[in-house]
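Please keep the sequence and the structure in view while reading.

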Amino acid sequence: MKFNKICVIGLGYIGLPTASTFAMHGVETIGIDISPEIIETLNRGEIHIHEPGLRQAFTQAQQTGKFRAALAPEEADAFIIAVPTPFKENETGEYHGAKYKLADMRAVKSAAESIVPYLRKGNVVVLESTSPPRTTIDLVAPILEKSSLKAGKDFHLCYSPERVLPGQILRELIENSRVIGGVTSESAQAGADLYATFVKGQIIQTDATTAEMVKLMENTHRDVNIAIANEFSRLAERFGVDVWEAISIANLHPRVKILSPGPGVGGHCISVDPWFFVEAAPELTPLIYHSRKVNDAQPDYVVKIIKKALGTLKGKKIAALGLAYKPDVDDLRESPAVEVVRLLQNEGALVLACEPYKPNAHLPGIFIAATLNDSIREAEAILLLVRHTEFLKLSPSEVAGNTGARTIIDTVNGWTSPEWKKTGFQVIKLGSGKSRA
Ligand code: SAJ
């Protein structure tokens, strides 16, 4: 199939890079978003999110004259839905007393509804948003069929999950393999033709529900594996072992790949997606459920470690290095680092955070210093929450010269150099029974 014009609905972390990439490859691309500010920003030639390489890609897309942002879709050859699927803030499900989170599918529903007036015979519609199993068939198809066209017969319908890693989105969009699940094999083929515009990795065709499960399985697999790493960190502390040393030795085994413990699991993917399985089938998912619980409890666990090290937290001045959900990104969504800071403040600690990727972030009740030195100057303890490259490069003597604090609490195994101790720091490390012995 040939695609001259497409609409990408949702211009966030996935939609905007995807739309820019299509336009750069010569396809007339209309980017749609419900936010007038976003549309204005983009049509002014600016971007509203930070992602390495996105500015250049977007500028290039604009220079081709193929990209335009708008508030509503229009007739096109293909429609891609890339809107958020968070969980509901004020509602939970319950199974035998265990509460689980519920997917909020409102954005997917309204994106599908916005396509209905413009849907024509032979069009291709692709859902990219991470969604509970059967969403394409049970939720999206019936909405689109309000057009009186039949999915799989009059128009093609696919599910094709985004699987790119924030921080490397532009490269991974092109190089990663891409799974396309069609409601029919013809739909899968049409979806494959669409993404072949720029995908250099393998394009695998399957059915829509398999593609939905593939996405959820990938992120759930990662969550469960991080949960076991977090449990290992607790066990190591109990038994006087350094979990980081133990993991590096265990990982020499050819069939073992233990991930890293840390202050918890954040972001809008791994900490959310496993709940979609739990919601869909709570009776089948005790492991997935408990892994989520383990990872969600990790910020509390970190606070316990800090309390053990510092005694009462009331009035303690703590510098918290890093608020992002993971290294070298500016995304603070569902960040365990933010949660740790909040919990410390609830205990009466006076926390001054430092987030070099978003020094001007506004988080109610959280104080962010303009510079690293401002955050550590008056501190009594320094807490490392994110492995930002800039933090890992810090020299112990320089830090010592800029603060009176001599206790560091490292939750990410970022400061491993013996220099820290030699410079007079007491180093408390998450997962290290040895550092506390
Ligand atoms: N984390 C750990 N220990 C680890 C690895 C990660 O605690 O060993 C934490 C991170 O610090 C972070 C969270 O987990 O808080 C998630 O980070 P991540 O790098 O594992 O994943 P995301 O959420 O940035 O991106 C994931 C990716 N999925 C997989 O690797 C299976 C990405 O490919 C997906 O496209 C993305 O989710 C998504 O959009 O679903």
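A crossing of two helices is called left-handed if the near helix is turned anticlockwise from the far one by less than a right angle, and right-handed if it is turned clockwise. With this definition, the crossing of α1 and α3 is left-handed. The model under discussion is a predicted one.

## Two helix pairs

Two packed helices are described by the angle between their axes and the distance between the axes. The table gives these values for two pairs.

| Helix pair | Angle between axes | Distance between axes |
|---|---|---|
| α1 (residues 15-24) and α3 (residues 54-63) | about 45° | 8 Å |
| α11 (residues 286-310) and α12 (residues 336-346) | about 50° | 9 Å |

In α1, the residues that make the contact are Leu 16, Pro 17, Ser 20, Ala 23 and Met 24, while α3 contributes Leu 54, Ala 57, Phe 58, Gln 60 and Ala 61. Sorted by class, the contact of α1 with α3 has eight nonpolar residues, two polar residues and no charged ones.

Helices α11 and α12 are likewise described as oblique to each other. Here α11 passes α12 in a right-handed crossing. From α11, Pro 299, Asp 300, Val 302, Val 303 and Ile 306 meet Pro 336, Glu 339, Val 340, Leu 343 and Leu 344 of α12. The residues of this contact of α11 with α12 comprise eight nonpolar, no polar and two charged.

Strands of a sheet pair through backbone hydrogen bonds, either parallel or antiparallel.

Strand β2 (residues 28-32) runs parallel to β3 and is joined to β3 by four bridges. Within this pair, Ile 30 stands opposite Arg 68 in β3.

Another open sheet has six strands with parallel pairing, in the order β13-β12-β11-β14-β15-β16. At its edges stand β13 (367-368) and β16 (426-429); each has a single partner strand, so one side of each lacks a neighbour in the sheet. Strands β11 (residues 317-321) and β14 (residues 381-384) run parallel and are joined by four bridges. Leu 321 stands opposite Leu 384 in β14. Helix α11 packs on this sheet and touches β11, β14, β15 (407-410) and β16, with a direction that makes about 160° with that of β15.

## One residue in detail

Lys 109 is found in helix α4 (residues 106-115). Is Lys 109 buried, partly exposed or exposed? Its relative accessible area is 37%. Buried means under 20% and exposed means over 50%, so Lys 109 is partly exposed. Apart from neighbours within four places in sequence, Lys 109 is in contact with Leu 139 and Ile 143. The C-alpha atoms of Lys 109 and Gly 414 are separated by 43 Å, and these residues are 305 residues apart along the chain.

How values were computed:
Residues numbered from 1 in each chain as written. Predicted model: local features only at pLDDT ≥ 70, side-chain atom pairs only at ≥ 80, totals over all residues. Heavy atoms only, no water. Axes fitted to C-alpha atoms, helices over the stretch in contact; angles between N-to-C directions. Helix = DSSP H or I, 4+ residues; strand = E, 2+ residues; numbered from the N terminus. Parallel < 35°, antiparallel > 145°, perpendicular 65-115°, else oblique. Contact = heavy atoms within 4.5 Å. Nonpolar A, V, L, I, M, F, W, Y, C, P; charged D, E, K, R; others polar. Pairing = 2+ DSSP bridges. Buried < 20%, exposed > 50% of the residue type's maximum accessible area, 1.4 Å probe, protein only.
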